[in-house]
Amino acid sequence: MGRIYPILSCTIVQTSTPYLQDKSGKSRPLSSITGHFGCQTDSNCASSAPVQVNIIQRHGARFPTSGSTERILAALKKLQSAPVFTDIRLSFVKDYRYPLGVAELVPFGAYQSAESGAIVYDRYRKLVSKGNIPFVRASGSTRVIDSATNWTSGFAEASNNIFEPRLAVVLNESLNDTLEDAMCPRAGDSATQTALWIDAFSDSIAERLNVWAPGANITTSDVPSLMSLCAFESVALEKISSWCSLFTTKEFLRYEYYSDLEKFYGRGYGQELGPVQGVGYINELLARLTGMPVRDNTQTNHTLTASPITFPLDRTIYADFSHDNLMGLFKQPALLDPLQPDPKRTWLSNQLVPFSARLVVERMQCRGAPPRRNAALGDLVRKDTFVRVLVNDAVQPLKFCGADKHGLCTLEAFVQSQSYART
């Protein structure tokens, strides 16, 4: 129920268009979810503050991946093959030239990561010194590496270049990589569930487009690709795409559910082997929180985690960069129905893994608490040491480890709740 699995993505972006903020699934820019930082009072101690920060963040906004690009271009070719358009809203399509690249960051995506680095410095500057600057890692994709280096640049600039973190470790995605979830070949996918929903929500849209473009023969499987152009093109060109006007708000909400299903049944609770693919990262997180060596028999690269150069345990800020993998903080009361969205669901990909989304795990220390040695957790633990988790700036309740109303649970309880990852 309360196991945490990696998510991967956040910076604060404001935009007036509902298509980007609420209805484009994981392909939208990040906007901060209501939350708070720096809890000053709680039921467990008079005053607490972060003493360690662990960040795992998705890369910034990018162009479509190679697979998505192929599907988009195939749908465009069909639409442009129509000899005539019967609706003025398609008038731009005749001379339309596809302007997007493949998979790499767009300028706004680079800005997102740099801004995020600046925000982290501003929030946690008291944890930084010349002898203790953030330790930064990245999964090996170019867009992830670029996001990490943009983050370090933003952090350095915010400090007037007094503190200049560097990307220290790049994890090869073809080897043991705890920042990517492609290490389990037997894990299934979401194809069955997403296909059912695509047919359900796209049928009327495909029918309408074929009326507007006679002879195009648009199918239900083409619709998500065409709808994705709204977000991808708007973010890349930094203006609202003409594609956005072809679909209604209700249709974009249904498209969002397509992304929700894709993540839920691909890497989330709907996939038996989906969530546990992140256990390696969880064990790295536990090692950092406790100051103890990594205990893991799953995904970690033992050569890297055994070295204080490539896996130090004495830093106050750790920043890892990855993809849009999800986490187990959003347990649903039932499996998502591939034909009927639950309006009360909390599994919303546009809030969990937008471009540049982030998970922050803070180790909180009660000021004035006396030291207490704990052989199981390490010498860093004091009498009142707590953990708090934020997803895109929203404090999480952490009921699985007995958190109080401020989202704080004891480090002991948190470590125990994640002990499954070590077995």
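**Strand E5 and the listed active site**

Okay, so on E5, Arg358, Val360, Glu362, Met364 and Cys366 point one way while Leu359, Val361, Arg363 and Gln365 point the other, and all are buried, meaning under 20% relative accessible area with a 1.4 Å probe and protein chains only (exposed is over 50%, partly exposed in between). In a regular strand, side chains alternate between the two sheet faces. Strands (E, at least two residues) and helices (H or I, at least four) are DSSP runs numbered from the N terminus.

Quick caveats: this is a predicted model, where local features need pLDDT of at least 70, side-chain atom pairs count only at pLDDT 80 or more, and totals for chains, interfaces and linings use all residues. Residues are numbered from 1 along each chain as its sequence is written, and side-chain values use heavy atoms, with hydrogens and water left out.

What does E5 pair with? E1 (residues 48–58) runs antiparallel to E5 over nine bridges, with Asn54 partnering Val361. E6 (residues 385–391) is also antiparallel to E5, over seven bridges, and there Val360 sits opposite Leu390. Pairing here takes at least two DSSP bridges.

Now, the unreviewed UniProt entry lists His59 and Asp324 under "active site". They span 266 residues in sequence, but no two of their C-alpha atoms are more than 8.0 Å apart, so they gather at one spot. UniProt positions follow the numbering used here, feature names are shortened, and annotations may be inferred rather than shown by experiment.

His59 is buried at 1% relative accessibility, and its side chain makes a polar contact with that of Arg143 (3.3 Å). Asp324 is buried too, at 8%, and its side chain has a polar contact with the Lys263 side chain (2.8 Å). That term means N or O atoms within 3.5 Å; within protein, one must be able to donate a hydrogen and the other to accept it, and sequence-adjacent residues count only if both atoms are side-chain atoms.
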